[in-house]
Amino acid sequence: MAPSRTRTVKNKHAAKKISNSKEASRKPIQDGIVKKKRKVGGAPATASSKGRPGLVDSLLKRKKRTYSEKELGIPQLNMITPVGVVKPPGKKKGKEFVDDRESMATIMSIVQAEKNSDIESKVMKARQMEEIREARRVEAETKEDQRQARLNETKDSLRKKRRRNKSGKQGNVDDDGDESMKDIMSTSAKAAKAKKKVSFA
Amino acid sequence: MRPLTKGETHILFTKLANYTGTSLNSLISPLDNAPGSDRFVFRLHKDRVFYVLLSIANLATSVSRDKLLSLGVCLGKFTKSGKFRLHITSLPILAEHARYKVWVKPNGEMPFLYGGNIVKAHVGRTMADCPEHQGVVVFNMNNTPLGFGVTARSTTETKHLDPTGIVCFRQADCGEYLRDEDALFASG
C-alpha cells in the first residue's frame, strides 16, 4: 500500500483569519471530502396543486398511527402458551398456602378415600390370591392322595399274588413252580429292560 | 417458616395416611369448640415440617429464620425431589393413630433398634388382614412404640413363611436418636 500523504499547513494564522471572516462562515472548510447535499424536502410542487391525485398523495404521506397488539386485541394464534404461565387476572401471585381447617380437612378426606380404596383393593387381591393358592393346594393334595392310593393298591395286589403263589406252591409244586419261574424270569427281564443306561461315547 | 402449600399438604397427608387410620382427622381438629381456640398447624421451616400449636408458631415468628432450629414436633422433611420422608420424631403421632401394628418379642427388640428388619421369629403379635407393603407401627410387648416400617408380606403369607423370613422392612426406629443424632435436628 502506498503511504498516505500528510498535509502541511504553512501558515496557521492565515487559516484562522479565514475562518473568522464572514465568507468562511458561509462556506464551510472543505477537507477535500465533498458531500452530496440533500435537498431538504419541503412540500413538493405537486402538493400545492389541487385535485384528486394530490389528495391521495397527501393521505399517503400522512404519518400513520401504529397500534400495539394489545390495543388491537387480536387473538394470539399459533402460539404455545405453557400451562401456568398465563394466569387469570386477579389471581394471587406466588404460592397458595393451606392454613385453614376446612381446606386441610378436604385434602385429608381425599387422601384417606384414596388410601382406603387402595388398602381395600390390596386386601381383596390378597384374599383372591390366597383362595387360588388354597384351591391349588387342595388339588395337589387330592392328586397326591390318589397317587398314594394307587400305589397302595398295587402293593396290596402284589402281596396277595405272592401269598397266593406261596399257598399254590404248597399244593402242586410242579406246575406252579414252572409258572413262578416264568414270572420271575419275566419280571427280571422287564426290570432289565426298565433299567436305563447312559453311555458316553 | 411458612404454612404448607396445597401440593405439600397432599404429599404430607398421603405419607401419614400410610401409617394411620381415619383418626388422622383429629390431628387438625381444634383443641376445643370455642371460636378462635388454639389448634395444631403444620409449618415448613427450611425443608422440615413441624406439627405445632398455632399460638407457638405465631410466637416463633419473632425468631429469625437462621436462628430458629426447631419448634413443636418435627414430622419429617421434604426431599429435593419433592417427596416427604417421615422422621422418627413423628413416632408419637403415628403410634397414637396407627392403623396396623406389629408387636415384637423381647428378643427382637434390640435387632430392630439397631436398624434391622423384623423377621418372623421375632414377631410376637400382628394384626389380621394386613396387606403387603403397608405401613405399620412397631411396638414391643409392653406397647411401647419402637419405630415404624413397611410390611414385606401380607398376614396370610406370613403364616407360611420360615422363621428367618422378613416380615417387616424397617423405616425408622428409636435407635436413630443415637445413631443419627447429628443429622436428626440439624437442618439445611
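**View 1. Polar contacts between chain B and chain A.** In this predicted model, ten residue pairs, both members at pLDDT 80 or more, are in polar contact across the interface of chain B and chain A. The side of chain B that touches chain A draws two or more residues from each of β1 (2-3), α1 (6-19), β2 (40-45) and α5 (155-159) of chain B. Of these elements, α1(B) gives the most, with seven residues. By type, that side of chain B holds eleven nonpolar, 13 polar and eight charged residues.

**View 2. Salt bridges across the interface.** Two salt bridges are found between chain B and chain A. One of them joins the side chains of D129(B) and R127(A), at 2.8 Å from N to O.

**View 3. Extent of the contact between chain B and chain A.** Chain B contributes 32 residues and chain A 23 residues. About 2500 Å² is buried between the two chains, with 60% given by carbon and sulfur atoms. On the chain B side, H10(B), F13(B) and I28(B) lose the most area to chain A, together 18% of what that side buries.

View 4. In α4(B), residues 106-113, the buried residues are G108(B), E109(B), F112(B) and L113(B). These residues lie on the same side of α4(B) because they cover an arc of only 130 degrees around the axis. An α-helix has 3.6 residues a turn, so residues three or four places apart point the same way. The buried residues of α4(B) pack against the chain B strands β6 (101-104), β7 (118-119), β9 (135-140), β10 (145-151) and β11 (166-173), and against helix α6 (176-179) of chain B. Just after α4(B), G115(B) has a positive phi of about 100 degrees.

Definitions and conventions
Residues numbered from 1 in each chain as written. Chains lettered and ligands numbered in written order. Predicted model: local features only at pLDDT ≥ 70, side-chain atom pairs only at ≥ 80, totals over all residues. Heavy atoms only, no water. Buried < 20%, exposed > 50% of the residue type's maximum accessible area, 1.4 Å probe, protein only. Helix = DSSP H or I, 4+ residues; strand = E, 2+ residues; numbered from the N terminus. Arc of directions from axis to C-beta. Contact = heavy atoms within 4.5 Å. Buried area = accessible area lost by both parts, 1.4 Å probe. Salt bridge = Lys/Arg side-chain N within 4 Å of Asp/Glu carboxyl O. Polar contact = N/O pair within 3.5 Å; in protein donor to acceptor, adjacent residues only side chain to side chain. Nonpolar A, V, L, I, M, F, W, Y, C, P; charged D, E, K, R; others polar.
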